[in-house]
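Trainee: Pick out the salt bridges in this one for me, please. I'd like a close look at the pairs and where their partners sit.

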Amino acid sequence: MRKELNGKTRTCGLLGNPVEHTLSPLIHNSLAEMKDINMVYVPFLVDIPEIATAVKGAYALNLLGMNATVPFKSDVIPYLMEVDELASDIGAVNTLVRTDGGYKGYNTDMSGLYRAMQSENIILEQADIIILGAGGAARAVAYMCANYGAEHITILNRTLPKAQAIATEINESMKKKGRWVEDCMEAMPLHAYTELPDRRYIVIQSTSVGLHPHIDDVVIEDKKFYEKVSIGFDLIYKPAETKFMKLVKEAGGEAYNGLKMLLYQGVIAFELWNDVKVTEEEAMMVYAKLEEAVRV
Ligand code: NAP
């Protein structure tokens with residue numbers, strides 16, 4: 001059972017709009033209980049124009065740390081003391097960690113996705129990657145794949161200019177950092193998947209297509225596409241098995257949903273706030289609770 005809240009309880013919370021369906025309180029309050037840390041995590045519904053006041057207010061109220069979710073992941077950045085390099089590249093922060101004088105921003109969505117992939121033994125280094133979608137999540141996924149050594153990345157999106165903008169930005173950023181000597185990322189319209197060279201790809205499904213309750217929707221229906229997929233990773237976790245995942249499996253590939261990404265983004269934020277290490281066993285206990293919570 002959770003200990004009594006008292007005068008030494010530290011508070012963390014979520015800045016978002018909306019916040020009612022968040023699973024973050026389940027992750028953090030479970031971890032606090034497991035680790036016997038006197039911390040409580042609560043959601044804060046913030047009016048969109050009030051984000052600056054909310055970040056400054058959180059600091060003034062001595063809150064230990066915050067998560068930021070839609071629509072604030074970029075909007076919080078001007079109000080931070082410092083931003084971690086990966087989060088700064090991505091231009092999105094989901095975790096605020098208290099430091100002297102203000103919060104430091106991190107992007108644990110991406111380190112969380114990386115840890116989720118590691119836990120499934122998915123190797124990004126030297127991999128040929130396809131990213132479906134070019135929204136906020138896809139952009140961050142692209143940075144993560146580039147940073148962790150992908151050999152080639154193809155981004156496909158219904159609206160081509162959005163995919164092109166991400167590919168251009170990442171090619172420039174990686175060349176500037178000396179990690180790539182030439183362009184390793186290219187953009188294509190979604191329907192051009194038929195022109196992809198015959199290789200085996202890791203495909204990261206980063207569109208919102210297939211999200212509950214639209215569980216029979218999928219961004220590419222054609223079974224031929226799935227013959228090229230060795231591993232399919234869907235960022236969606238509700239339903240637990242999306243149509244995309246079913247098609248990957250039917251074609252003989254491995255498929256994973258985004259629930260472990262959600263888990264590990266929380267685990268990493270918790271570790272940053274409390275300066276502790278969460279064991280795999282503890283993380284899996286929280287994962288079981290998440291699986292129960294998203295069951296439809
Ligand atoms: P977003 O910025 O709204 O982007 C949505 C993307 O989906 C765009 O590329 C959009 O294409 C595409 N799309 C939407 N409807 C489409 C359709 N009918 N046909 C083809 N493409 C379509 O959303 P986001 O923030 O990137 O999030 C994307 C997904 O990732 C969501 O399902 C979200 O739940 C999931 N996510 C999961 C986690 C996790 O922890 N597991 C974390 C973050 C996000 P256009 O550009 O052409 O509109």
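Mentor: Here's a walk through the salt bridges, pair by pair.

This is a predicted model, where local features need pLDDT of at least 70 and side-chain atom pairs count only at pLDDT 80 or more, while totals for chains, interfaces and linings use all residues. Residues are numbered from 1 along each chain as its sequence is written, and side-chain values use heavy atoms, with hydrogens and water left out.

Side chains of opposite charge can pair when their charged atoms come close. The rule here asks for a side-chain nitrogen of Lys or Arg within 4 Å of a carboxyl oxygen of Asp or Glu, and by that rule the count comes to 16 salt bridges.

Start with Glu 282 and Lys 35, whose closest N and O atoms are 2.9 Å apart. Glu 282 is in helix H10 and Lys 35 in helix H1 (residues 24-35), so this pair ties together parts 247 residues apart in sequence. (Helices, H or I with at least four residues, and strands, E with at least two, are DSSP runs numbered from the N terminus.) Glu 282 counts as buried because its relative accessibility is 16%, whereas Lys 35, at 22%, counts as partly exposed. The cut-offs are under 20% relative accessible area for buried, over 50% for exposed and partly exposed in between, using a 1.4 Å probe and protein chains only.

Next come Asp 128 and Arg 199, with N to O at 3.0 Å. Asp 128 belongs to strand E7 (residues 128-132), while Arg 199 is in the loop between strand E9 (185-189) and strand E10 (201-205), so the bridge links parts 71 residues apart in sequence.

Lys 228 is buried at 13%, but Asp 198 is exposed at 74%.

Finally, some bridges share partners: Glu 85, Asp 89 and Lys 177 are joined that way into one network.
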